[in-house]
Each structure stands twice: as C-alpha cells, then as structure tokens.
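Here is a short report for a first look at this structure. The sequence and the model come first.

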Amino acid sequence: MRIRVVDAFTDRPFAGNPAGVLLLDAFPDDDRLQSIALEVNHAETAFAHPLPEGGEADWALRWFTPATEVNMCGHATLATAHVLHSTGAHRGPVRFATRSGVLIATASEDGSITLDFPTAPLTRVEIPEGVAEALGAEPLTAFDTGPNIGDLVIEVADEKTVHALRPDHKALGAHSARGIIATARAENPALDYDFVSRCFFPNVGIDEDPVTGSAHTALAPYWSERLGRTELTGLQASPRSGRVRTELRGERTLLSGRAVTVIEGELLV
C-alpha cells in the first residue's frame, strides 16, 4: 500500500497540518487502521477506497487519530482530495461517504481545494467552572458545537491572548467531548485574516492540532454573525500555522485551502 504524508491548509511544506493518506481497495479491520494511524502519529490519518459507480458517493473515507476514530476531519479530507487529484486517481469533484454524511471536495484551477461540510450547530452555554484555569485565560463566551465536532468554542479577549495560551491539556479534557477551540478577532485585518484560533484536543490524543478544518465549521458561523460577512479567512495560530478560507452557506460551510505532498512511501506490513 502506498502511504503519503500531506501538509494541508498550506502552500509550502512543513507548515499547515500533516495528515497520513492511504488509498485502499477496501478497509481492513479497525484494529489495523488504528495501528497504522498510531504508527503514522499525525493528528489524523485518512483511509479511503473507491465505491461502485452510480451511488451517492465516489469514495468511502475514514479518519483516525493516533488514539481513536473521529466523526469529522477537514485537513485530512483536503489531503485525501489532493492525493486523488495529484495522482490522477480521480477527476472532478470528489464525493466522500463519511460518518458525517457525504462531503464534497472540489479542486480549482489555482490549485486550491474547497470542501463542502455541514455547518456546526452552535449553542451558547455557561462557561464551565475551571475552564479558565485549564485554558490559562478568562473566557468571554462559550458555545457547544454539537455532536459531529464535540468541541467547546471559547472567545478570549484578543489575538495576543490566543497566541500566549499555555493550557493544562489534561485539565481541558474534562470540559468537552473532543476539546477546546480558543478564538479571538484579528487585531489587524490588513494582514488578510479576520479571526484567529488555536485548537486543543486532549481527548483524542492531540494536545494541539496545527490547523483544524472541522473547527472552522463552527468558527465560520460564529464570526460571520459577529463580523456581518459570510466569507472570512481564519488564521490558526499554532506553531506550524495555516489559513482556512470559509464561506457560510446556511447549513453548509465551504472550507478552502491548499495542500503539499511531502512524503511518499510504501507500507510494508
């Protein structure tokens, strides 16, 4: 089996979010998929295989962290679409059958790829006791993101606060199913991004995710309402960093970015 590592939501290697990608004939058993994801040891490894023609989807797609299977992953979906197009394994829009329904990836002539994902339903909640201490900053608001994402979106005072966060990852795990999305408005819109975020997912084995497409299905509606625009750009301010262009379309959110293949090899076992 060919195995690739693709940096997603970036146009240069060693930035964005790396994902393992394996194109298969069929899915092996879950234990083998989990073992491969642990061996790859990136935030997610994507496994895909082609489906019969004439159905609602072209490829089946699953995502595993080193610790567990997840319901939705944006950067590994972008990485998989990039591999399909760059290798000629698929042409035109790709329809993926996933735990989160059918997700569509469309490649543009400029090399970017746009994902069509369900918009996360945001529900305002009381700020959980202890989350300020665990995060290392005082929250302004907190929103639940629903079952597909399983995160808590927390707005903090400003962009500098987001950059300065040094959370207690173990303590954060008590406050949501997957983790915490910390966000703030951009201090200088002239830098071509509208909001910043960082994502901490200790409950799925990821202390900090470099660039999180799925989180932007919650950040897009949150900041679109605050800023009064449906098209925005988010900067995920992790050490690797990356940008996600978002377009809110009601119950669907479009996520756009680029990807770069950095490693290609053969899985021998």
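What follows covers a glutamine, a helix and the cysteines.

This is a predicted model, in which local features need pLDDT of at least 70, side-chain atom pairs count only at pLDDT 80 or more, and totals for chains, interfaces and linings use all residues. Residues are numbered from 1 along each chain as its sequence is written, and side-chain values use heavy atoms, with hydrogens and water left out.

**Gln-236**

Strand E15 spans residues 231–236 and includes Gln-236. Strands (E, at least two residues) and helices (H or I, at least four) are DSSP runs, numbered from the N terminus. Gln-236 is buried, at 0% relative accessible area. Buried means under 20% relative accessible area (1.4 Å probe, protein chains only). Its side chain reaches two backbone atoms, as tabulated here.

Beyond its neighbours within four places in sequence, Gln-236 is in contact with residues including Cys-199, Pro-210 and His-216. Contact means heavy atoms within 4.5 Å.

**Helix H6**

His-216 is also one of the buried residues of H6. This helix covers residues 216–227, and ten of its twelve residues are buried. Trp-223 and Leu-227 are among them. Gly-228 follows H6, with a positive phi near 75°.

**Cysteines**

How many disulfides does the whole structure hold? The search finds zero. A disulfide is a pair of cysteine sulfur atoms within 2.5 Å. The sulfur of Cys-199 lies 11 Å from its closest cysteine sulfur, in Cys-73, so the two are too far apart for a bond. Cys-73 is buried at 4% relative accessible area, and Cys-199 is buried at 0%.

Technical notes: Buried means under 20% relative accessible area, exposed over 50%, partly exposed in between (1.4 Å probe, protein chains only). A polar contact is a pair of N or O atoms within 3.5 Å; within protein, one must be able to donate a hydrogen and the other to accept it, and residues adjacent in sequence count only if both atoms are side-chain atoms.
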